[in-house]
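Open the model in your viewer and keep the selection tool handy. We will walk from stop to stop, picking residues as we go.

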Amino acid sequence: GLYASAALPALVSAPAWTGNYVQIACDLAEVLWLTDRGDGAEMVESALRDKVLTADFRYPMRDVRLALARLAMLRGDDEGAARFFTQAREVLEEQGAQTLRAIADHDEALLWLRRGDEQRGRLLLVAAQARFAALGMSGWVRRAQEKLLRLASEERALRPVGFRSRGGPSSRP
């Protein structure tokens, strides 16, 4: 479609200092992330690494490290994603970019949940939800809450019959 025929070749050929390059490159990564599509991800990732990350170009409300973490997750590179999430958090804290910081926690939670580390994923979701609430990001609050409720529901479904939620067997016969 239009994405492949226009955006990707322009991303590859344009210099990173071109107006809005960082925004466009990060937005392309986000489109891939939100649509769970890997086609073109390598080209976007290469452009982000070579042109944006290396020069450390920054753009308001965008972060190349967050974009690279998402692309790494799409490729199944969980270790790379974890490294980029850590780097993103550091930079976003330094910049005071609290909305992106909260989104980074949310997205990293998805990584740990996918890897089966529910405790770590849940902690990040709770932290993200608190940040979203403090920032008035009600749609994101609901999104995080839905994921937490789904986790709790799955946990209850897996709990053996006769066990209370606080641990230990039930005293009932």
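How many cavities of 30 Å³ or more does the count come to? The count comes to 1 cavity, where a cavity is a set of points on a 1 Å grid over the protein atoms alone at which a 1.4 Å probe fits but cannot get out. Before selecting anything, note that this is a predicted model, in which local features need pLDDT of at least 70, side-chain atom pairs count only at pLDDT 80 or more, and totals for chains, interfaces and linings use all residues. Residues are numbered from 1 along each chain as its sequence is written, and side-chain values use heavy atoms, with hydrogens and water left out.

**Stop 1: the cavity**

Select Val-22, Val-52, Phe-57, Arg-58, Tyr-59, Arg-62, Asp-63, Val-64 and Arg-65, which line the largest cavity; lining residues have an atom within 4 Å of a point. Its volume is about 40 Å³, a volume being the space filled by probe spheres set on grid points joined across faces, edges and corners. The lining has 5 nonpolar, no polar and 4 charged residues. Here Ala, Val, Leu, Ile, Met, Phe, Trp, Tyr, Cys and Pro count as nonpolar, Asp, Glu, Lys and Arg as charged, and the others, Gly among them, as polar.

**Stop 2: α3 against α4**

Next, colour helix α3 (residues 41–53) and helix α4 (residues 64–75); helices are DSSP runs (H or I, at least four residues) numbered from the N terminus. α3 and α4 pack at an angle of about 150°, with their axes 10 Å apart. That makes α3 roughly antiparallel to α4, the word for angles over 145 degrees. Axes are lines fitted to C-alpha atoms over the stretch in contact, and angles run from 0 to 180 degrees between N-to-C directions. Show the side chains of the contact (heavy atoms within 4.5 Å): among them are Val-44, Leu-48 and Val-52 of α3 and Val-64, Leu-68 and Leu-71 of α4. By class, this contact has 9 nonpolar, no polar and 4 charged residues.

**Stop 3: α4 against α5**

Arg-65, Leu-66, Leu-68, Ala-69, Ala-72 and Met-73 in α4 meet α5 residues including Gly-80, Phe-84 and Phe-85. The contact of α4 with α5 divides into 10 nonpolar, 2 polar and 1 charged.

**Stop 4: α4 against α6**

Now bring in helix α6 (residues 98–114), which packs with α4 at about 20°, the axes being 11 Å apart. α4 and α6 are therefore roughly parallel to each other, as angles under 35 degrees are called. From α4, pick Leu-66, Arg-70 and Met-73; their partners in α6 include Leu-100, Ile-103 and Asp-107. This contact holds 7 nonpolar, no polar and 3 charged residues.

**Stop 5: the largest pocket**

Finish with Cys-26, Asp-27, Glu-30, Met-61, Arg-62, Asp-63, Leu-66, Ala-67, Arg-70, Leu-100 and Ile-103, the lining of the largest pocket. A pocket is an open set with protein on both sides within 12 Å along at least five of seven lines. The volume of the largest pocket is about 160 Å³. α2 (21–35), α4 and α6 each supply at least two residues of the lining.

Notes:
Angles under 35 degrees count as roughly parallel, over 145 as roughly antiparallel, 65 to 115 as roughly perpendicular and the rest as oblique.
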